[in-house]
Amino acid sequence: KEYLEERAMGGGEAKLEECKKIWGLKPQTGWKSMVEEEELLIKEQKRLTNVLGDFSCPINTSVIGLISAVIKHANSDPRNSSVCFNEAAALSKKFKLTERRFLTAKLWALGESGNWGSFRSMSAEAAVVRQVNTATFAKIAAKFKQPSVEISRYVSLVQNKEQRFRLHIEVGDLRGAAGEAVKSKDVDWAAEVGSLATGADRDVVADILQRGGLIQ
C-alpha cells in the first residue's frame, strides 16, 4: 500500500526494493508477481525514454497507460511510427496481455491521438476485427467526433442487424439507424428512431423512413 501511494506521487522505487526484501522473507506468489511486474514496468519506462527520444510518460502509469503513451507518441513522430507500434506490441507480450486487450488499448490510443489513418487501417484487418468487439470502432470514432460517414462505416462492421441498429442509436447516428430500419422493414424500429429524431435529423430521418415505405 505504501509503495502504491508513493508511486502515485511519482516515486516508490525505494519502497519497491523494500517490498522485494519483505517478499524474500515471506514468499507469496501474488505479491511476487506484482513486485516483478512493477519492477519491469519501471525498467521499460526508462528504456523507452532512451529508445524513443523525446518520449515521456508519468512514472505512476499502468501497463496499459504505458502502451497507450507509446502508441500516441507515434503520431507526434510519424517517421518512427513503426518503431512505436513494434515497441507497444513487444510490451504487450512482456506483460502477457491478451491480444484483445492490447488491440482495444491500441485503438483507443490511436483515436485519442488523432491517428485516424492507422485506426482505419486496423479496421480493415480481418485478424483485428475478429479479436476486438466490433462496436469498439464506432464508439471510439463517435467519442472523438469523427464525421458521421466514418462512424457509420465502422458501425457496418457489426454483423448482427439488431446490434447494428442499437449501435447507430448509441453513437447518435439516427440517420444510420433509420437506414437499418428500412433494410429490415421493421416498423417498430422506425417508430423508435422517429421518436428520437430532433432538430435537423427529424426531417431527414422521416424522409428515409418514408422513402423506405415504413411511414406515410
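The legends below describe close-up views of a predicted model.

In this predicted model, local features need pLDDT of at least 70 and side-chain atom pairs count only at pLDDT 80 or more, while totals for chains, interfaces and linings use all residues. Residues are numbered from 1 along each chain as its sequence is written, and side-chain values use heavy atoms, with hydrogens and water left out.

**Figure 1. The protein chain has 14 helices and zero strands.** Helices (H or I, at least four residues) and strands (E, at least two) are DSSP runs numbered from the N terminus. Of the 216 residues in the protein chain, 39% are buried; buried means under 20% relative accessible area, exposed over 50%, and partly exposed in between (1.4 Å probe, protein chains only). The accessible surface is about 12,300 Å², with 51% of it belonging to carbon and sulfur atoms; areas come from the Shrake-Rupley method with a 1.4 Å probe, and for residues only the protein chains shown count as cover. Among contacts with a separation of 6 or more, 50% are between residues 24 or more positions apart, where contact means heavy atoms within 4.5 Å.

Figure 2. From helix 4, L66, I67, V70, I71, H73 and A74 meet S81, C84, F85, E87, A88, L91 and S92 of helix 5. This contact of helix 4 with helix 5 has nine nonpolar, three polar and one charged residues. Ala, Val, Leu, Ile, Met, Phe, Trp, Tyr, Cys and Pro count as nonpolar, Asp, Glu, Lys and Arg as charged, and the others, Gly among them, as polar.

**Figure 3. I64 of helix 4 is in contact with L97, R101 and A105, its neighbours within four places in sequence being left aside.** I64 is partly exposed, at 23% relative accessibility. The C-alpha atoms of I64 and L97 are 9.2 Å apart, and the two residues are separated by 33 residues along the chain.

**Figure 4. A salt bridge joins the side chains of E170 and K139 (3.6 Å, N to O).** A salt bridge is a side-chain nitrogen of Lys or Arg within 4 Å of a carboxyl oxygen of Asp or Glu, and the count by this rule is 11. E170 lies in helix 11 (residues 161–170) and K139 in helix 9 (residues 135–143), so the pair ties together parts that are 31 residues apart in sequence. E170 is exposed at 53% relative accessible area, whereas K139 is partly exposed at 35%.

**Figure 5. R175 and D201 form a salt bridge, with 2.7 Å between the closest N and O atoms.** The pair links distant parts of the chain, 26 residues apart: R175 is in helix 12 (residues 174–184) and D201 in helix 14 (residues 199–211). R175 is partly exposed, with 37% relative accessibility.

**Figure 6. Within helix 14, D207 and R211 meet in a salt bridge (2.9 Å, N to O).** D207 and R211 are four residues apart, about one turn of the helix. D207 is partly exposed at 34% relative accessibility, and R211 is exposed at 64%.

**Figure 7. A network of salt bridges links E44, R47, E87 and K94.**
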